[in-house]
Amino acid sequence: MGKRIYYLNYIKYWWAYDIDEICQLYKKYNLHPQTVRQWIKNGLPTMKGKPALIYGNDLIKFLGKMNKSNKCQTEFHQMFCMKCKEGTDPYRKQVQLELKNGFVKAKAHCRNCKNIMYKSYKLDDFQKMKTHFHVVDVLELYDCAHTTVKTHFPASINIHANESGQRELF
Ligand SMILES: [Zn+2]
């Protein structure tokens, strides 16, 4: 399962929610009361008393922070899909790579919605990427402003890119 991004505009900042109401807000995600209790343990502030009530404003702040960290914490083999709002696996594990200034820019389609996703990897991760993905194409692009600093691709790496006209697989 990918990490969720929680929409914050469902939350009324002036409202005090109980745990069940928060679950109702994110019914679409099947948010479980246990998850909300975990948030409270992780620092989501509650008002004194029982049942525990949470200020909308506190919830917005807490989830906002969590969204931010979830966004950068996709698994190695996942990319963040802007449409699904979560990290997903590439469709058929197919990725197209661009080598640029020492980075590998990966392009793939979301497995769930086929939206195009991008992710940058370090050049050192290339071997690892090959074990996780089916690399369909590799493009070498050089930044015109830095023509002297060409990204030299290690010769030991065996790229199974197509030399033929299959550049536009996506
Ligand atoms: Zn998607």
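The model is predicted.

C81 has a relative accessible area of 0%, and because buried means under 20%, C81 falls in the buried class. C84, with a relative accessible area of 22%, is partly exposed.

**Chain as a whole**

The chain contains 4 helices and 8 strands. In sequence order, the pattern reads β-α-α-β-α-β-β-β-β-β-α-β. Of the 170 residues in the chain, 35% are buried.

**K85 and its contacts**

K85 lies in the loop between strand 3 (79-81) and strand 4 (86-88). The relative accessibility of K85 is 24%, so K85 counts as partly exposed. The side chain of K85 reaches the backbone oxygen of M82 at 3.3 Å. K85 also stands 9.2 Å from Y7, C-alpha to C-alpha, although 78 residues separate K85 and Y7 in sequence.

**The salt bridge**

Side chains of opposite charge can pair when their charged atoms come close. The count here is 1 salt bridge. The partners are D89 and R111, whose side chains meet at 3.3 Å, N to O. This pair links distant parts of the chain, 22 residues apart: D89 sits in the loop between strand 4 and strand 5 (94-100), and R111 in the loop between strand 6 (103-109) and strand 7 (116-122). D89 is buried, with a relative accessible area of 17%, whereas R111 is partly exposed at 46%.

**A nonpolar surface patch**

Y13, W14 and W15 make a nonpolar surface patch of about 380 Å². Y13 belongs to the segment before strand 1 (16-18).

**Accessibility of the residues discussed**

| Residue | Relative accessible area | Class |
|---|---|---|
| C81 | 0% | buried |
| D89 | 17% | buried |
| C84 | 22% | partly exposed |
| K85 | 24% | partly exposed |
| R111 | 46% | partly exposed |

Definitions and conventions: Residues numbered from 1 in each chain as written. Predicted model: local features only at pLDDT ≥ 70, side-chain atom pairs only at ≥ 80, totals over all residues. Heavy atoms only, no water. Patch = residues over 30% accessible without salt bridge, like charges linked within 9 Å, V, L, I, M, F, W, Y side chains within 5 Å. Areas by Shrake-Rupley, 256 points an atom, 1.4 Å probe, with all protein chains shown as cover. Salt bridge = Lys/Arg side-chain N within 4 Å of Asp/Glu carboxyl O. Helix = DSSP H or I, 4+ residues; strand = E, 2+ residues; numbered from the N terminus. Buried < 20%, exposed > 50% of the residue type's maximum accessible area, 1.4 Å probe, protein only. Polar contact = N/O pair within 3.5 Å; in protein donor to acceptor, adjacent residues only side chain to side chain.
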